[in-house]
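Trainee: I've got this one open on the screen. Can we go through it together, question by question?

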Amino acid sequence: GETSIDVSSLQTFTGSSATDYAKRILALVAAGEEPHTYTGTDLVAGLKALASGGQIGDATLLNDDAWGIIALRAAGVAASDSVVTGAKSFLLSHQGADGGWGYDVFSGSDTNDTAAVLMALSEVGFTSGSAEVVNAVAFLTSQQQPDGGWPYVVPCAWPGCTDSDSASTAWVLSAFTKLGLTPSGSPADFINSLQTSEGSFKWQASDLAGSVGMTSYALVALAGKYYPVKRLVISGAVGGGGYKV
């Protein structure tokens, strides 16, 4: 709900990956700026230009297709657009046998990317009753921990990835909210348990301090929001002042 935010630092854009474009588009739209013009270049066209072979960005990655769909839809691109439908088909073709999605085409499912894909699929007509969504939700439900939170994934080899954390919990909670689903337990209480006295949120309970990133994820989820948090409204022809945020 904040409206007096200085986002002038976002005018300079030097990104090159699909997720670079997607993050900047989502940030600008959320802050009330126009991603087609704010940086002096059309970020939406730039993101679409990275699509090839029926997918967005790196052909081995899945996360850039999920966030690419979310960003393009936030910027007013139709669900029927060929870039969006191509990315949708690419994601569906790589859904794991357990119902989830991983970071790339080689990785097993994890909660973070599964939540992102669910939010992307919601942008292209999938609902809580869609078979693909039902299977993904079952995977996420199986990953929820007794403390009400979600870890990156269980089992997992790197330190900390099997313990509940604010980022995973926030993204899954946002995905559930977008789909109109109520998770079991109290994920919001788990996220709140990680807030520090200064107001920031920690990644995990054992961390000594919070971070900007974890705080931003937590705020979206606790506010009952999801991605995109705001949309560009098309009120006229492109190029004729027809976009407003």
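Mentor: Let's start here: Gly 32, with a positive phi near 90 degrees, follows helix 1. Helices (H or I, at least four residues) and strands (E, at least two) are DSSP runs, numbered from the N terminus. Bear in mind that this is a predicted model, with local features needing pLDDT of at least 70, side-chain atom pairs counting only at pLDDT 80 or more, and totals for chains, interfaces and linings using all residues. Residues are numbered from 1 along each chain as its sequence is written, and side-chain values use heavy atoms, leaving out hydrogens and water.

Trainee: What does helix 1 reach from its first C-alpha to its last?

Mentor: Helix 1 has 13 residues. The expected span is 1.5 Å times one less than the number of residues. That gives an expected 18 Å, and the helix comes close to it, reaching 18 Å.

Trainee: Which elements do the buried residues of helix 1 pack against?

Mentor: Buried means under 20% relative accessible area, exposed over 50%, and partly exposed in between (1.4 Å probe, protein chains only). Among the buried residues of helix 1 are Tyr 21, Ile 25 and Leu 28. Their packing partners are helix 2 (43-49), strand 2 (55-56) and helix 3.

Trainee: Which element gives the most to the lining of the largest pocket?

Mentor: A pocket is an open set of points on a 1 Å grid over the protein atoms alone, where a 1.4 Å probe fits, with protein on both sides within 12 Å along at least five of seven lines; lining residues have an atom within 4 Å of a point. The largest one holds about 1,400 Å³, and its 33 lining residues include Ala 30 and Tyr 227, listed with the closest to its centre. Helix 3 (63-74), helix 5 (111-122) and helix 9 (212-222) are among the elements that give two or more residues. The most, 6 residues, comes from helix 1.

Trainee: Is the disulfide between Cys 156 and Cys 161 left-handed or right-handed?

Mentor: The cut-off for a disulfide is a pair of cysteine sulfur atoms within 2.5 Å, and Cys 156 and Cys 161 sit at S to S 2.1 Å. The torsion about their S-S bond is about -120 degrees, so this disulfide is left-handed.

Note on methods. Grid points are joined across faces, edges and corners, and a volume is the space filled by probe spheres set on the points. Contact means heavy atoms within 4.5 Å.
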